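Colleague: Could you take one part and look at it closely? I am new to this one, so please spell out each term as you go.

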Amino acid sequence: MVSGSDSLGNGFEPKILVFACNWCAYAGADLAGVSRLQMPPNCRVIRVMCSARVRPEFVVKALSKGLDGVLVLGCHPGDCHYSEGNYFTRRRGLLLRKLLQYVGIEPERFQVRWVSASEGVKFAETVEQVTEQIKALGPKRPRSGVLPTEPGDS
Amino acid sequence: MTDNIYLPSMATVKEVRPETPDTSTFVVTFDDPTLRESFTYRPGQFAEMSMFGVGECPIGIASSPTSKGFLEFCVRAVGTVTNAIHDLEVGDKVGVRGPLGNSWPTKEIEGRDLLFVGGGIGLPPLRSLIRYVLDNRDRYGAVEIVYGARSPQDLVYKDELKEWDERPDVEFYVTVDVGDETWDGPVGFVPPFLKEINPSPENKVAFTCGPPIMIKLVVNALEEMGYADADIVTTLEMKMKCGVGKCGRCNIGDKYICRDGPVFSFEQLRKIPGALEV
Amino acid sequence: MQDELREIVRKLLADGAIEYFIGYCQGSEPHRVFPCFVTEESEVEKLVLGPLCLQNLSKYVLQARDLGGKVGVLVKGCDTRAVVELIKQHQLERDKVVVVGVPCQGQVDPRKLEQALGVPLERVTGVEDAGDEFTVTVDGKARKVGKEQVLRDKCFFCKHPMSFEYDYTLGDVVPFIIDAEKSEYAAVEALEELPVEERRAFWRKQFERCIRCNACREACYGCYCTECLFDRKVPRWLDRPPLPEENEIYHLIRAVHLAGRCIDCGECERVCPVRIPLSRLYKKVQKDIAELFGYEAGMELDTVPPLVNFDLDDQDPFM
Amino acid sequence: MDRKKISKTDLSRWLDRIAETCDLIGPVKEEEVVQFRPVRSSAELTLDYANSLLPPKSLFFPPVEELFSYQKRGEEIKLEQTKPLEKDRVVVGIRKCDVESLSLLDRVFLEDLEDVSYKDRRDRTALIALACPTPPRSSCFCTSFGIDPLSPEGSDILLTDVGKDYLVDVATEKGRELVALADDLFTKLTDKKAKELQPPPVDMPELDLSELREKLEGLWEDDYWEKLSLPCLGCGICTYVCPTCHCFDIADVGSTSDGVRYRCWDSCMYKDFALMTSGVNPRPTKRERVRNRYFHKFSTFPSRYGTNYACVGCARCLVHCPGGVEITTVMEDILAKEGASDG
């Protein structure tokens, strides 16, 4: 999963993971598709039954393992199919965002947005906006894989 | 083995034979023609099968060294590596590192009568020796095989069982814990079944392999029948990783199962603290 | 106070009220004070109290849950928060544990003490509390060391010098004054102010050092899962080799899992053999939890933990 | 054995000269932690130290090590072995307990089936040991195992701090070659002169361990292990800081078509260490795991390899154990047990 780019970061095409709630954003994505809206091809969408299904470790692992960004899409507050799932998403999102920033991961790389089933345009715009932001940041991390030669040698 | 004891050799799957719903036999050959010719092993040894990206898993070699050019592994899908192995198809690549461990005695038991007691997936390691013995039939005395599984469909090597049953120079007994409409043979657990058969301990060596609880009860039964500890041989199951006696996982007493075992007689096991608790 | 403790434990054991008592005893050298498990009345003399009683003994209550009877445990004020939180998280039944609260005048950070004294700790044969300072015996001679020099970081901001959930208590705290001269979150704030690349570099350097001995996890009272996510084989969350990115996953996931649970007992940082400043990670989460949701772990029995709760009016920057 | 001396400033010059042709490795203090690591110049070294946090076994048996990489190309899977060391290495500042531990690890990695990368690192590394200061740390107990912290045995050169100079004992051919890199910096000593400089033997409290193994072997079923395991947290510190522990794990990192197989340290104190896929765990509780560790150190390792004990008295586990399990206390407890009951 090496992000392709030349030495200057030109032509960098980020890999972005999108978790989309089955009841809203996933349908929104569908709508964007059938409406033939133009979207950058950088996102891989994973359908989840609720944005609250996205455990923080999904995000942490994705970013640490070399993805350039993670986008979580859920229903607007008040519209959760399960009444209150997205309120938990909101709390976790707030917290995780701050923690990731604290350890040096730019806030753009982890975003939460509310996109309803009818918001095909918003879905396309969000994906485009996030892709542009992450493109501007460059790769999350050149894939390390390289070890320090000896312990303690950094 | 390569110079680097952790480096597997590449092999190709030549055949996949489903044995039971969760167990299949994989027939593999080494890609390197020289290695294919020169590779030797003894019955009872095992090898580490490598699924790259998933890991390694020690599997007993189920074929006999008397059949050359290929190796057979009978694998049950239980963990991550064995499940990955089950995804293999004919022509796929797999890493094989071995042979590892000690082996069933073959020289020492020449001229003696042999009893094999296997349970479920415990038959394949015994089968290596059974085939070896049958391919060198004149060097050994009478052969008795007692085998059992949870159900008729859990019996492995169904074709071979038939063959053993038909051979005049093999006494073959088979039982299942629970029968079904296809089954008209004996029903019951292996240890009581064994007691019923009551094979004489005279000049006999018993080999057993199966689930730990079965081994325990089989050994009790054998002792009741008068078998000496030295004449009861088993192969131990233990967490193994490196297969070369270094990583420390399979340590019991001063033995590493992967290096000094997996084959031990009960006489040996009784001297190792903790060995019989496993 | 020590005598009083021994008397209480002696009585608890004599009455058969507890299976064993978890307290502190001296190790092979006087500066080494450790958890000890008193099962016999004859052993109560081993129990000690003092500024070197560092461990949060609540962790050990968890392994006693399967015993038929109760266990007794000694808790400092700060450790009480762990007991409260364990009860709240349904990990512990209040009536399965006999809590003996001990007032605390602040604990000594052995590393700071070594530095302040300029001699190896092995020459320290005694540390006594003396109000605003500690009396430290070095090579048989008494020396005074100001508390501000050697207190554990968390003690500067102690909210509970006195245990607040207990069955027995060993007296009251003698008031003393320590001026921390900075906010509780000063170290966190300093990092927050750095540019993002510097923060990344800082933590990368810390995580690279990690040998993944799991001591932070095992010492943490809040790590009570029967099977840790990191030990799970399917799906595999964490690869065993302690590579930098794996270590990052380990520490970040631990930090989010402890959000709302961490009571800043400081055990993770104290036990870390490679000295990763873990408190700076956990304090950050603690700070955010406080700022965002107005919650502090282990303070009251009847508040709802923040991440199993929500408020319709929570901040919402995600529109 | 050649005995020489070298001044402290010349020592730095000599080490810098070594560093021109070899990888120089030694104790470095960073963030209050002393660790062995490669240095560019002797100025980075901390030779005035008690002992390193992690044992220098990590230089021969690293915490993480690439065994090989694999890559799928079409139908084939290509394996690429890790390359041997590029340069010879010189480790300076290693203590006698750690030197001794290498001879124990040699038994594991060089005997029977040889571990090529360990062998490569051992063969291509010279050891310049550093005699322990007098008095040594109070927690040390190497002499209980018959180890003399002032002896050059097992190393190529031994340095002993004697004030403004180091006494230099050159024990092997490899050592002589290193000295030859800067012969002019050394002063040859007569036996008499060397003896005068030689510090007196180290005075350390010594445990009589002659009955340890026998007594321990009678304690397999003893309740002692249950009680000993109570304060143990089940972390891996004792095994990771131990210079003789050699347990490891083998794990792949990467996808099924591209990745690396690593060997990394593992600990018998972890609860999933011996857990089998079937769910059976031969060492299910801390009691069995703690017992296993001490049996391994004092009974089963010695019995397997015919060594004395598999502990060198470095006291790292004792100092770093967060639960306060002290190996010296364990030994004393075992020795204090009445006679051997059969286990």
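Modeller: In chain B, the C-alpha centres of domain 1 and domain 2 lie 24 Å apart. Domain 1 of chain B covers 9–100, and domain 2 covers 113–235; these bounds come from an automatic or database domain assignment. This is a predicted model, where local features need pLDDT of at least 70 and side-chain atom pairs count only at pLDDT 80 or more, while totals for chains, interfaces and linings use all residues. Residues are numbered from 1 along each chain as its sequence is written, and chains are lettered from A and ligands numbered from 1 in the order in which they are written.

The two domains of chain B touch. 15 residues of domain 1 are in contact with 14 residues of domain 2 (contact: C-beta atoms, placed from the backbone, within 7 Å). On the domain 1 side, strands S1 (9–20) and S5 (71–76) of chain B each supply at least two residues (strands are DSSP runs of E, at least two residues; helices are runs of H or I, at least four; both are numbered from the N terminus). That side of domain 1 divides into six nonpolar, seven polar and two charged residues. Here Ala, Val, Leu, Ile, Met, Phe, Trp, Tyr, Cys and Pro count as nonpolar, Asp, Glu, Lys and Arg as charged, and the others, Gly among them, as polar.

Now the contact between chains C and A. It takes 34 residues from chain C and 30 residues from chain A. On the chain C side, helices H6 (186–192), H7 (196–209), H9 (244–257) and H11 (278–293) each supply at least two residues. H9(C) gives the most, with eight residues. By class, this side of chain C has 21 nonpolar, one polar and twelve charged residues.

Take H11(C) next. H11(C) has 16 residues and reaches 22 Å from first C-alpha to last, close to the 22 Å expected at 1.5 Å a residue (expected span: 1.5 Å times one less than the number of residues). Its buried residues include Leu278(C), Tyr282(C), Ile289(C) and Phe293(C) (buried: 20 or more other C-beta atoms within 10 Å of its own, with C-beta atoms placed from the backbone; exposed: 12 or fewer; partly exposed: in between). The cover over the buried residues of H11(C) includes helix H3 (85–102) of chain A. After H11(C) comes Gly294(C), with a positive phi near 60 degrees.
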